[in-house]
Amino acid sequence: MIAARAIGGAGTGKTRQAIEILQKAMERPEVAGNPFALGFSSFTRAARTTAAGRAAEAWGVPQADLERHGWFKTAHAVAYRVVGVSKGELLGNGKDDDKWISEALGSDVSYQLSEDEGVGIYMGDPVASAALNYWSLARSLVVPVRGLVEADQDPEAPSADEVVKRIQAYEDAKRLDGRIDFTDMLARFVGIRYSPTDGPIFGEPDGVVPSEVVGWIFDEAQDASKLLDMACRRLVTGASVRWAWLLGDPFQVLYSWAGASSDHFMGWDVSKQSVMPRSYRCAAPILALGER
């Protein structure tokens with residue numbers, strides 16, 4: 001598998017380049033014009049939708065088919081499909097799930113998931129919500145949660161013992177009722193189980209990597225956490241995968257608070273790297289000033 005990386009800021013045409021890459025790939029014999037042999041994964045649903053719309057227009061296929069039956073998906077959506085998660089199993093889908101979480105922790109907690117941005121945060125009771133936010137971050141970073149809490153300098157943060165206690169109640173309730181959350185879903189796909197006391201436990205991944213995909217494009221790759229990067233790296237182990245492109249901007253990490261780091265994007269072993277020199281949103285004198 002050959003990997004390449006394109007670095008470009010906002011407005012430099014990364015999505016346009018992605019579509020050009022996919023268009024050229026459609027003409028290759030191993031793809032043979034089959035749009036379902038190509039994968040596009042982005043950190044956000046909004047970027048995925050934009051790319052799917054442009055590709056559908058270029059290829060003359062319904063956008064809904066690319067999103068529903070093809071592999072124009074966020075990594076979480078890929079995991080949802082291949083791991084075989086049922087809708088009733090997954091937490092984070094509305095008021096009923098908020099009620100379930102609140103009852104599990106004995107505190108009023110709600111989960112706010114941004115449909116466009118692909119990130120979520122727990123709100124409500126300050127101790128319970130902080131515990132679950134620590135838990136999400138620790139799992140995204142693939143580190144023990146206790147060390148993460150103890151390293152926090154916030155004087156209003158709950159103690160590590162209190163955080164672990166709340167997380168254990170949450171995990172016990174999930175196990176009893178057969179529920180999982182979005183982070184669990186991605187962790188299953190890469191083969192990680194998490195213990196509130198012992199940290200990440202590595203094992204065999206769940207689900208089968210899409211075997212028909214020849215090439216992957218990972219957009220907004222700078223916003224991948226370690227867990228998300230592991231999911232992308234597993235995707236390129238598919239039997240038919242020959243290449244992957246990573247597109248992103250290491251100077252524009254918007255979700256570091258949720259575990260994102262450009263180190264993962266820049267840490268891939270690539271055979272080719274290009275820097276996109278032009279911005280379609282920024283006047284040339286401003287770009288020149290930035291370069292200086």
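Start your tour by selecting Glu30, which is partly exposed, with a relative accessible area of 22%. Keep in mind as you look around that this is a predicted model.

The side chains of Glu30 and Arg28 meet in a salt bridge, with N and O 2.7 Å apart. Arg28 is partly exposed too, at 44% relative accessibility. Opposite charges on side chains can pair when the charged atoms come close. You have 17 salt bridges to find in this structure, and we will visit some of them.

**Helix 2**

Next, select residues 45-59. This is helix 2, with 15 residues, and from its first C-alpha to its last it reaches 21 Å, close to the 21 Å expected at 1.5 Å a residue. Colour its buried residues: Ala47, Arg48, Ala51, Ala52, Gly53, Ala55, Ala56 and Trp59. What covers them? Then step just past the end of helix 2 to Gly60, where phi is positive, at about 70°.

**Helix 8**

Move on to residues 160-177, helix 8, and pick out Arg166 and Glu162; they are 4 residues apart, a separation of about one helical turn. An α-helix has 3.6 residues a turn, so residues three or four places apart point the same way. The side chains of Arg166 and Glu162 form a salt bridge, 2.9 Å from N to O. Glu162, at 24%, counts as partly exposed.

From here, select Arg139, Glu171, Lys174, Asp181 and Asp184: salt bridges with shared partners join them into one network.

Asp184 and Arg139 form a salt bridge whose closest N and O atoms are 2.8 Å apart. Asp184 belongs to helix 9 and Arg139 to helix 6, so this pair ties together parts that are 45 residues apart in sequence. Both residues are buried.

**Helix 10**

For the last stop, select residues 226-235. Why is helix 10 described as largely enclosed by the rest of the structure? Because 7 of its 10 residues are buried. They are Leu227, Leu228, Asp229, Ala231, Cys232, Arg234 and Leu235. Show helix 4 (75-83), helix 6 (126-141), helix 9 (182-190), strand 6 (192-195), strand 8 and helix 11 (262-266) to see what these buried residues pack against.

Methods. Residues numbered from 1 in each chain as written. Predicted model: local features only at pLDDT ≥ 70, side-chain atom pairs only at ≥ 80, totals over all residues. Heavy atoms only, no water. Helix = DSSP H or I, 4+ residues; strand = E, 2+ residues; numbered from the N terminus. Expected span 1.5 Å × (residues − 1). Buried < 20%, exposed > 50% of the residue type's maximum accessible area, 1.4 Å probe, protein only. Contact = heavy atoms within 4.5 Å. Salt bridge = Lys/Arg side-chain N within 4 Å of Asp/Glu carboxyl O.
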